[in-house]
Amino acid sequence: MTFLFVVPTLFFAAFLIYFIIWNLYYSFLDYSILHAHNPPFVGFGTYSSVLGDPLFVTAFGRTMLWVVVCLAVTNALGILIASLIFFLENGKLKSVYNSLFLYPISISLAASAVIWTWLYNPQEGINSIFVALHLPTFSGLSSPSTSELSLIIVSIWIYSGLSAIFYYSSFQGVPSQVIESARADAAKAHTIVFKILLPEAKNAFIVATVTIFLFVLRMFSLPYVATGLDPFTMTLAEQMFNYFTTEFFSKASVVSIIVVIIAAAVIVPYALFGVKRWISGD
Amino acid sequence: MVKIGLENVTKIFTKKKLENKVLDDISFEVADGNFFGIIGQSGAGKTTLLRIIAGLEGPTHGKVKFDNTVVAEEGKIKVPIEERNIGMVFQTWALYPHLTSYDNIAFPLRAKKMDENDIESTVLHLAKMLGITEILVRKPGRISGGQQQRVAVARALSKSPSLLLLDEPFSNLDATIKDNARSLIRTVQKELSITAIIVSHDPADIFSLASDTLAITDGRNAQMGRTSDLYHKPSNLTVARSIGEMSVIQGLMTQGSGKDVEVKLGDRCKLGFRRDELIAIVPENNTEVRVGFRPESLEVLEENNTALKGSDYWVLIGNGFVKICSYSAGIFRVLIRLDGLDDDIAVSSDVSIDTDSRISLYAKRDDLKLFDSNGNSMLNYSMSLGKQGSSNDERRRIYAST
Amino acid sequence: MIRPLKIAKKTIHHAILIILAALWLIPVYTMLIDGMKSAGGVLTTPILQPTGLSFTPLITVSSALELPIVNSLILAIATATISTFIGALAAFYFYKGRSWTNNTVFVIIAIATFIPYQITLVPITEILSTLGLFNTYPGLIFTFVIFHLPGGALLMTIFMSNLPKSIVESARADGASDWIVFSKVAFPLTLAGAVSTFILTFVEVWNNFFIPLVLTSTPNMYTASISLLSYTGGYGTLYNDSFAAALVASLIPLLVFVLLGRYFMRGFLALGSGSKG
């Protein structure tokens, strides 16, 4: 009878599975504006035309670059911020700083995009300081050479606080006597961080990396609101949407399947690794 | 109110394809209204046994019967826990932390959809009986451990169960209030004449409550019978030790004169046994045996004090020194190391004895236990039973005379 | 000799944190000062420089965003309630048994939690169009629940796994049915976890952009984040309206974060490192 409790969840989960199967099926057809009815079976035809589409290839490469840069910087900043907060003495201050770095995640990516678009404004934004100080200005979103970097910076602003709380909570898991005895041995702060705290933070690294990876992999609204479907900032998710709005539905499905495969390659081992900790109650 | 029967109950847990037999062919019966004890060391399987009786687990093999109804059989739970009408007191008491004591005790009645007026009178009656009327409005986090335990007992009893199950119910209580708690449970059980089963590793719980006891070792029935018999006539060393303290000295058994056998302890002591005091005939000379002593069957005298020499009851075990003398509840516990032996021997004493002082150790002959090298008892208790135990007065008189 | 060095170190430590925190706060700072800047101020001062207060942009934007905010509230509250409750039911199922079937179901749900929702773009559009639910509340809520329920179930399972086994067993011994054990014991005792789950889901739905972008077609169904599209600032627009819009659209999630940040953080930590923190 207890099984009834999970039935509603399974009902909704079934849709998710159905969607993936649907995508898989249509990725082998040519369902598009050209064949809205009775789309023909084309095998891997749609796959090869997507993989041959320079827009897709650059969007793919850009998303991967975004993932790599964002992960490297958010992990590094997360460790820095977590360590700085960890060594504060005032407990209240610790939680204030933790919240301060985490708050961007509670704002929508669309709102962040609106704000940062203006902050990157060539005249009115942050550049106004550089101009006043006679420093070279940052072209931000207005130049193709810096537009992607500008958006990556925004994502770093959003996700560093998340990585920081993962590291911070793993630092807190280290018994305080260990830290105190290291201090009694006159260990320097960076020694404590690198020799004691970080070796215990393997979990935090995995969790921060996987979580932020999945956030960036589905990155859509930040570039979409900031620059529209701009070929110089387009991500995988945007490219999928692009195929959809131009009614190349099978191509959108192909992108979906590619995204699912990439995501699954990370999620499946992560979920298997997580199950034991998530339900450690017994 | 209910008779409990277990027939050949076996429980196997399988984890990662490894089978672990926690219970092996356990059978027993608890008569209606009896208080039954299950004792064993941690990991012996006693809690699993209780959970099977409760219905939280099913037996892999065997049957569990409540009166004549089979409630579980061969891996299948036929009557689930919620329909067995049992009251259970957990080791952690497992009170609902978000409910007041009143609502905790009322919970089983509300689950039965009993009328609120009846609930109130039942809860108040139980609260009065258990002395927790004043704390009914408080939540478990705001009352003492002793009160929490009484709330747990009241909750277990509120739906007038036919069987009360107690899983180490006193282990989280302060030593000072344990006896009160025990006597309360004893009184309530008698008053309601309810069948009860207690699981504990603490002999004090078992002695104070259970008239009959099952000792389990490694999931097996090691001994079952009157609780006092488990203490005085243990079938093996593990049972002897789980139901009370017992010190052991290694000895060698040899053919004595006539129909006797002799056990040599160290270089000085020889104990004689009649053949009919032993279960089996000793096959050969120099068999390794173990002699067991209860702390209260030993007496410590200053070295070379001869007060007990020639006594019918007392035999000299050897000389040695006091390693440490500690105190608990009016009795001194003295650890003795005899010359030429490697084992410590625990003795209870009415008076404190200085550490390192030289002593002679005497034992009451008829209270000795004898085990073979596998730890199984070698004594035929029916033959030596008559002489078990001499009075405390005599012991005191003997010691006073030294 | 040690003291001055120690003080210097402490000062540097605090200075780095303060500078970093200041950088992090720039967007909030600009939302506040520029969302309340008059049109004249916009023309004479750059974004980072404050100038006199004016409530005109906030008032203009608020009236434009009123309906989208109501829409966002309806969708976020409905989805969060449904996901938390159904998720709690599922959590109770996972809590009770440990067989390979429910471990498998659990892993599937864990995976579903993290699947990028954009992949279902085409099929969900088709289904909702067929059912006539496109551009409606039920259609949007249904879609959001599909994506957020696995996360809700996962979070509630994590939180419920902290519930002592003996409490549930004792409720069963007390004769309680599964439903009573769930509604009277397990759920009340995981209430703090339910609040975390609700808040996390609420904020995620509020901030979701993609699903309403695809599944709404008329302005009366737009959500707060979709409405921001018209404030990205084209040629000749004044930036005070953009900042005011960002502020108004973020106000509720920001308030939730400030007031209930503890629960919010606990939700993220649980998803990451499990219930033990």
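A word on the ground rules before we start. This is a predicted model, so local features need pLDDT of at least 70 and side-chain atom pairs count only at pLDDT 80 or more, while totals for chains, interfaces and linings use all residues. Residues are numbered from 1 along each chain as its sequence is written, chains are lettered from A and ligands numbered from 1 in the order in which they are written, and side-chain values use heavy atoms, with hydrogens and water left out.

Let's begin with chain A. It has 13 helices and 0 strands; helices here are DSSP runs of H or I with at least four residues, strands are runs of E with at least two, and both are numbered from the N terminus. The C-alpha atoms of chain A fill a box of roughly 75 × 70 × 30 Å along the principal axes. Of the 282 residues in chain A, 57% are buried, where buried means under 20% relative accessible area, exposed means over 50%, and partly exposed lies in between, using a 1.4 Å probe and protein chains only. If you take the contacts in chain A between residues at least 6 apart in sequence, 68% join residues at least 24 apart; a contact is heavy atoms within 4.5 Å.

Now, who touches whom? Of the 2 pairs of chains that touch, chains A and C have the most contacts. Chains A and B do not touch, and their nearest C-alpha atoms are 12 Å apart.

Take A and C, then. Here 91 residues of chain A meet 99 residues of chain C. Together they bury about 8400 Å², with 80% of that on carbon and sulfur atoms; buried area is the accessible area, with a 1.4 Å probe, that two parts lose on being put together, summed over both. How many salt bridges do you find between chain A and chain C? The count is 1, a salt bridge being a side-chain nitrogen of Lys or Arg within 4 Å of a carboxyl oxygen of Asp or Glu. C:K10 pairs with A:E89 in a salt bridge, with the closest N and O atoms 3.5 Å apart. Helix α13 of chain A, residues 249-278, gives the most to the side that touches chain C, with 14 residues. By class, that side of chain A has 70 nonpolar, 16 polar and 5 charged residues. For the classes, Ala, Val, Leu, Ile, Met, Phe, Trp, Tyr, Cys and Pro count as nonpolar, Asp, Glu, Lys and Arg as charged, and the others, Gly among them, as polar.

While we are on α13 of chain A, please look at A:K251, which sits in that helix. A:K251 is buried yet has no salt bridge, and the nearest side chain of opposite charge, A:D53, is 5.0 Å away. On charge, Lys and Arg count as positive and Asp and Glu as negative, with His and the chain ends not counted. Leaving out residues up to four places away in sequence, A:K251 touches A:T46, A:S49, A:V50 and A:Y243.

Over to B and C. In this pair, 18 residues of chain B are in contact with 15 of chain C. They bury about 1600 Å² between them, 59% of it on carbon and sulfur atoms. On the chain B side, B:E82, B:H98 and B:F107 lose the most area to chain C, together 32% of what that side buries. There are 3 salt bridges between chains B and C; one of them joins C:D174 and B:R155, with the closest N and O atoms 3.6 Å apart.

That brings us to helix α7 of chain C, residues 165-173. Why is α7 of chain C described as largely enclosed by the rest of the structure? Because 8 of its 9 residues are buried. Its buried residues include C:I167, C:E169 and C:R172. Their cover includes α1, β7, α2 and α4 of chain B together with α3 and α8 of chain C. Just after this helix, C:G175 takes a positive phi of about 90°.

One last stop, in chain B: B:S360, in strand β20, residues 358-364. B:S360 is buried, with a relative accessible area of 4%. Its side chain makes a polar contact of 2.6 Å with that of B:N319. A polar contact is a pair of N or O atoms within 3.5 Å; within protein, one must be able to donate a hydrogen and the other to accept it, and residues adjacent in sequence count only if both atoms are side-chain atoms.

Thanks, everyone!
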